[in-house]
Amino acid sequence: MSLPHPTADQISLPIVLAVLGDPTRLSIVRYLASKEGVPMNCSKFLDLASKTNLSYHLAKLREAGVTRSEAVGTSRLITLRRDDLDKRFPGLLDSVIAAAESDKDLPAVGTAEAELSA
């Protein structure tokens, strides 16, 4: 099953900015950027929200063209569409990620894993 994604030319700056204005979605993007090029299973983000809420946030990111979601069996693998975003809006993603890195109020991804491994 293939999920719909906008083409690079269809990615809209107002929509991208609106989607990135949500702390949960910004945390997802920040984490994906830290693991650049490595597809992440959507369950990686369960410490941010419930499954239903997380599905909503991931769909918003995909529909805006910020992420790519690939169905693999019963899983969804999420990647950041850095190349498309950098071509369309040079420097935007780097600026947003840099600002998110210094924002201590954003929810963290992987905190449950850190607690389990300690």
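## The buried helix α2

In helix α2, the residues T24, R25, L26, S27, I28, V29, R30, Y31, L32 and A33 are buried, meaning under 20% relative accessible area with a 1.4 Å probe and protein chains only, whereas exposed means over 50% and partly exposed lies in between. Because 10 of its 12 residues are buried, α2 is largely enclosed by the rest of the structure.

The model is predicted, so local features need pLDDT of at least 70 and side-chain atom pairs count only at pLDDT 80 or more, while totals for chains, interfaces and linings use all residues. Residues are numbered from 1 along each chain as its sequence is written, and side-chain values use heavy atoms, without hydrogens and water.

## Start and length of α2

At the start of α2, the backbone nitrogen of T24 lies within 2.9 Å of a side-chain oxygen of D22.

## The whole protein

Six helices and three strands are present, in the order α-α-β-α-β-β-α-α-α along the sequence. Both are DSSP runs numbered from the N terminus: helices are H or I with at least four residues, strands E with at least two.

Buried residues account for 40% of the 118 residues. Among contacts (heavy atoms within 4.5 Å) with a separation of 6 or more, 70% join residues 24 or more positions apart.

Notes
A polar contact is a pair of N or O atoms within 3.5 Å; within protein, one must be able to donate a hydrogen and the other to accept it, and residues adjacent in sequence count only if both atoms are side-chain atoms.
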